[in-house]
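Here's a quick briefing to read alongside the sequence and the model. Have both open as you go.

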Amino acid sequence: MKYNVTIGMEVHAELKTKSKMFCGCKNGLGLEKEPNVNICPVCTGQPGALPVPNREAIEMVQRVGLAIDCHIRLQSKFDRKNYFYPDLPKGYQISQYDEPFCEAGALVALDGKPVHITRIHLEEDTGKLNHPAGADHTLVDYNRSSVPLMELVTEPDITSGKEARAFCQRLRQVLRALDVSDADMEKGQMRCEVNISLYPEGADRLSGTKVEVKNINSFRSVEHAADYEIKRQTAALEAGEQLIQETRGWDDVRGITVSQRKKESAHDYRYFPEPDIPPMSFSEEYVENLRRHLPELPQAKEKRFVKEYGVTVDEAAILVDDKAFAEYFEEVMSELVDKLKSGEMKADIKKAGKLAVNYLLTELRKHLSKANETIADIAITAENFAEFVAIVADGTINSSAAQMVLETMYEGGDTDPSHIIERLDLVQLSDVGELDSVIAQVLEKNQKSVDDYKAGKENALQFLMGQVMSATKGKANPQVVLEMLREKLS
């Protein structure tokens, strides 16, 4: 029997507000080096301590909702969600149940597939448990307790691990573009949970038994966990086994899911309205003001980069994935446009744009990765980089010299490409008269390669080309040299 797949996502993201969700403690996102330093009676659940909602966190969630075409509720409230974990000091979590801030939206994933959004609500995060090696006790750190936590729930529109990954990647782009969360999965700032069910072909798409997979901390693991669970459930159903609604964890080392507990239903949490926080009302004018101040969103930015700068769709997607990187690219392109208008640069903007993307996404990212740095750490200004691209586009230096110049710029000290080129004497040699004597000497010293080429061995031409480049210390214009060699050898 053939089975179809339905996947829904639950994604949590810690919001980077200045203070926590219901108190004035500093929001350190649970990344503090010392335990229990940003805590107070409210976020540790002391008797009589009253919560006060964080307006900034509420606005952040509503802005996310507007960015992905959600309906923003004008009436909303907080609810108590009851369950007992050691790192949940009150014995309940302040969350939202039937009146979330945002409902019924849609997000077009990186693969172009629209995924419908059921709801986005706001709640408080829990603390963290620490299990010292070899100890017979567990320690609780409440620094993360009451950090604002956005939860987004999708419709079961996804049908594969690849699609789940593409959705999560696009959502992170949106969160970063809005500057509401850094959404760093390795640091636990964005946590993805995959809800998977299978149903026989021809049956109701919601007739399958839903299994939730938690503890997923990378996009790669989202894809692998979903694909593994699809295979596991398919094998179980084909063997005549009965699947149960449960929560499973993802074991990244073994590449498998493992059963954790039977999945609770909504009634198990005994939701009821939070008595210490009054219901909230929002006006249409308030919502429209939030909408007016939304920044350019990733999908729109991708399309603009392709149209204005001639980059490919894939290149635009990589640039947009890092907000700071995209901003740096735009600053570089702005400088290049100015150089083009002033007559400093002969190449057209589309050619310059392609060069800029090539050196940004290959050479510059290679240096960033090696140094474990981000674009914010480098000393090369957008003006420096634009001048570098203009020099390469105009053919002043060749590609091997360009790599040397960029490496020198990256290492600091002198980030002016013109100074570096002059100091290292890297100006490309394109003069036919100067190259003619060099090529003549190379041909004279390498008669065997000349004969090999004439005998049809094309590799001999590349060898001769390398000899010319070596004789000119890499300064010769490769295209001019190639044309001259072919002419002389013919």
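The side chains of Thr44 and Gln46 are joined by a polar contact of 3.2 Å (a pair of N or O atoms within 3.5 Å; within protein, one must be able to donate a hydrogen and the other to accept it, and residues adjacent in sequence count only if both atoms are side-chain atoms). This is a predicted model, where local features need pLDDT of at least 70, side-chain atom pairs count only at pLDDT 80 or more, and totals for chains, interfaces and linings use all residues. Residues are numbered from 1 along each chain as its sequence is written, and side-chain values use heavy atoms, with hydrogens and water left out.

**Around Thr44**
- Thr44 sits in the loop between strand S1 (3-14) and H1; helices (H or I, at least four residues) and strands (E, at least two) are DSSP runs, numbered from the N terminus.
- With a relative accessible area of 12%, Thr44 is buried (buried is under 20% relative accessible area, exposed over 50%, partly exposed in between, with a 1.4 Å probe and protein chains only).
- Leaving out residues up to four places away in sequence, Thr44 touches Ile39, Pro89 and Tyr142 (contact means heavy atoms within 4.5 Å).

**The sheet**
- Nine strands form an open sheet with mixed pairing, in the order S2-S6-S7-S10-S1-S11-S12-S13-S14 (two strands pair if DSSP finds at least two bridges between them).
- S2 and strand S14 (256-262) stand at the edges with a single partner strand each, so one side of each has no neighbour in the sheet.
- Strand S13 (residues 246-251) pairs with S14 in the antiparallel sense over six bridges, and Thr247 has Arg261 in S14 as its bridge partner.

**Helix H4**
- Tyr286, Val287 and Leu290 are the buried residues of helix H4 (residues 284-292).
- Seen down the axis of H4, these buried residues fall within an arc of 95 degrees, so they line one face of the helix (the arc is that of the directions from the helix axis to the C-beta atoms).
- The buried residues of H4 pack against H1 and S2, while the face turned away from the buried side carries the exposed Glu285 and Arg292.

**Positive phi**
- Most residues other than glycine have a negative phi.
- Asp69 is not a glycine, yet has a positive phi of about 60 degrees; Asp69 lies in the loop between helix H1 (55-67) and strand S2 (71-72) and is exposed at 59% relative accessibility.
- Ala183 also has a positive phi, near 50 degrees, but is buried at 0% relative accessibility, in the loop between helix H2 (161-177) and strand S11 (190-200).
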